[in-house]
Structure formats: structure tokens, C-alpha cells
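Please go through the packing, ring pairs, backbone and pocket of this model. The report below takes them in turn.

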Amino acid sequence: MKERIIELSYNNHEEMFELPINPEEFEFTEPHNNQRITLLNIGEANLMGRRGLLTGSFSSFFPSRSSPFARYADREPMEYIKLLQK
């Protein structure tokens with residue numbers, strides 16, 4: 001059976017880790033810095049702006065050794081958090 005793995009890396013793959021528990025959902029947003037102006041005798045127009053920063057979010061958990069999901073984790077929960085904070 002094929003597994004789906006979410007792998008995160010830091011500093012051009014210098015440090016890498018897999019999420020022990022895949023998130024149920026994740027979201028990515030890419031804002032656009034558009035601007036609306038009102039033109040005489042024409043009405044409202046949209047000026048296309050540059051793209052903003054791409055951001056993403058997810059929610060998961062990091063099992064402790066006493067959890068039944070511990071077999072999926074190769075680190076302690078705080079180690080995962082420290083890596084994400086980098």
C-alpha cells in the first residue's frame with residue numbers, strides 16, 4: 001500500500017524530517033496586492049498588483065512515547081517544535 005508522507009526541510013535540505021502524523025487538512029494562500037480605482041466616465045477598475053508571500057498552515061500533533069501513535073515518531077515532541085521554529 002502506498003503511503004503519503006509530508007516531509008519538511010530547513011536550509012536547503014540540510015535538516016529534514018517527516019511529520020509523524022499527517023494533518024487532516026492544510027491550506028495555502030497567495031495574496032495579490034491589487035488596487036481598485038475609479039476612472040471618470042468609466043467607473044471602477046482593478047489595477048493588477050504584485051503577488052504577496054505564499055503562506056501555508058496545517059494542524060497536527062506530535063505523539064509522546066506513551067501515545068499509541070508513538071511508533072510513527074522518531075523524535076520527542078519538543079524536537080519537532082524546535083525544528084519548525086527554525
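The text covers basis, core, rings, backbone, pocket and distances.

**Basis**

This is a predicted model, in which local features need pLDDT of at least 70, side-chain atom pairs count only at pLDDT 80 or more, and totals for chains, interfaces and linings use all residues. Residues are numbered from 1 along each chain as its sequence is written, and side-chain values use heavy atoms, with hydrogens and water left out.

**Core**

The largest nonpolar core has six residues: F17, L19, F62, A73, Y80 and L83. Such a core is a set of buried Ala, Val, Leu, Ile, Met, Phe, Trp, Tyr and Cys residues joined through side-chain atoms within 4.5 Å. Buried means under 20% relative accessible area, exposed over 50%, and partly exposed in between, with a 1.4 Å probe and protein chains only. In soluble globular proteins, nonpolar side chains tend to be buried together.

L83 touches E15, F17 and R75, leaving aside residues up to four places away in sequence. Contact here means heavy atoms within 4.5 Å.

**Aromatic pairs**

The whole structure holds four aromatic pairs. Rings of Phe, Tyr and Trp (its six-membered ring) pair if their centres lie within 6.5 Å; planes under 30 degrees apart count as stacked, over 60 as edge-to-face and the rest as tilted. Two of the pairs are tabulated.

| Pair | Geometry | Centre to centre | Angle between planes |
|---|---|---|---|
| F26 and F28 | edge-to-face | 6.0 Å | 75° |
| F62 and Y80 | stacked | 4.9 Å | 5° |

Helices (H or I, at least four residues) and strands (E, at least two) are DSSP runs, numbered from the N terminus. Are F62 and Y80 buried or exposed? Both are buried. F26 and F28, by contrast, are both exposed. Ring pairs also join F17, F62 and Y80 into a cluster.

**Backbone**

Most residues other than glycine have a negative phi. N12 has a positive phi, near 60°. It lies in the loop between β1 (7-10) and β2 (15-18). N12 counts as exposed because its relative accessibility is 75%. N41 also has a positive phi, near 65°. Its loop runs between β4 (35-39) and β5 (43-47). N41 is exposed, at a relative accessible area of 85%.

The largest pocket has a volume of about 330 Å³. Of its 16 lining residues, E3, E18, L19, P20 and Y72 are the closest to its centre. On a 1 Å grid over the protein atoms alone, a pocket is an open set of points where a 1.4 Å probe fits, with protein on both sides within 12 Å along at least five of seven lines; lining residues have an atom within 4 Å of a point. Grid points are joined across faces, edges and corners, and the volume is the space filled by probe spheres set on the points.

β2 gives the most to the lining, with three residues. By class, the lining has ten nonpolar, one polar and five charged residues. Ala, Val, Leu, Ile, Met, Phe, Trp, Tyr, Cys and Pro count as nonpolar, Asp, Glu, Lys and Arg as charged, and the others, Gly among them, as polar.

**Distances**

D74 lies in the loop between β6 and α1. D74 is exposed, at 58% relative accessibility. S66 lies in the loop between β6 and α1. From S66 to G43 the C-alpha to C-alpha distance is 64 Å, at 23 residues apart in sequence.
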